[in-house]
Amino acid sequence: FRITNKKVKSDELKKPEVKEFFQTVVFDTVDIAGSLCEKYVCAQNGVDRIGEVPYGQGWNLMKKEFEEVVRTITQLGYAVFFISHDKDKTFKRKDNTEYNQTIPSCPNSFNDIVKNLADIYAYAEKYADDNGHAQVRLVIRSTDNSIDCGCRFKYIDPVVDMSYPALVDALNRAIDKE
């Protein structure tokens, strides 16, 4: 398994020599990818701001461009990881009571695309173990709805150590239960 910072343009991902070298594409961050997508759509339409595209079509074009690029990458067989930072947001329930939730910092339009594509939509949470050492775990299901996360697998453990073997084990258990 190799880690690299090598930047590759999305059209290069179709080349056999690139597919041989890479197995995974990481969007670090969705926020930046969305901003670059917005710049691209603005340049294609000769405007400085997305809102200047006539008839309000800029947002639709930007969403469509982002979705097409991401779908193309997934259809080429790559594993795709999306990273976003977090922010806290206050929501109101139907009974007007409020609650806070940790959500991705990227705009909803991009977050919705990512969520619809993702099998696992998790939050990397730092915590201290019994010895006071810093650890990281994946929150896959928030039992108290304080974190926006989820998974297509109904029986996945709500929290998993942040390691490949722990995630594979949790997925295998969830699949077996289904």
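User: Is Asp119 buried, partly exposed or exposed?

Analyst: This is a predicted model, and in it Asp119 is partly exposed, with a relative accessible area of 44%; a residue counts as buried under 20% and as exposed over 50%.

User: Which residue forms a salt bridge with Asp119?

Analyst: Side chains of opposite charge can pair when their charged atoms come close. Here Arg152 is the partner of Asp119, and their closest N and O atoms are 3.1 Å apart. This pair links distant parts of the chain, since Arg152 lies in the loop between β8 and β9 while Asp119 lies in the loop between α4 and β5, 33 residues apart. Arg152 is also partly exposed, at 49% relative accessibility.

User: How many salt bridges does a search of the whole structure find, and where do Arg71 and Glu67 sit?

Analyst: The search finds 7 salt bridges, including the one between Arg71 and Glu67, whose closest N and O atoms are 3.3 Å apart. Both residues belong to helix α3, and because they are 4 residues apart there, about one helical turn separates them. Lys64 and Glu68 form another salt bridge, at 4.0 Å from N to O, and they too are 4 residues apart in helix α3.

User: How many disulfides does the structure hold?

Analyst: A disulfide is a covalent bond between the sulfur atoms of two cysteines. The structure holds 0 disulfides. For Cys42, the nearest cysteine sulfur, that of Cys37, is 9.7 Å away, and Cys42 is buried at 5% relative accessibility.

How values were computed:
Residues are numbered from 1 along each chain as its sequence is written. This is a predicted model: local features need pLDDT of at least 70, side-chain atom pairs count only at pLDDT 80 or more; totals for chains, interfaces and linings use all residues. Side-chain values use heavy atoms; hydrogens and water are left out. A disulfide is a pair of cysteine sulfur atoms within 2.5 Å. Buried means under 20% relative accessible area, exposed over 50%, partly exposed in between (1.4 Å probe, protein chains only). A salt bridge is a side-chain nitrogen of Lys or Arg within 4 Å of a carboxyl oxygen of Asp or Glu. Helices (H or I, at least four residues) and strands (E, at least two) are DSSP runs, numbered from the N terminus.
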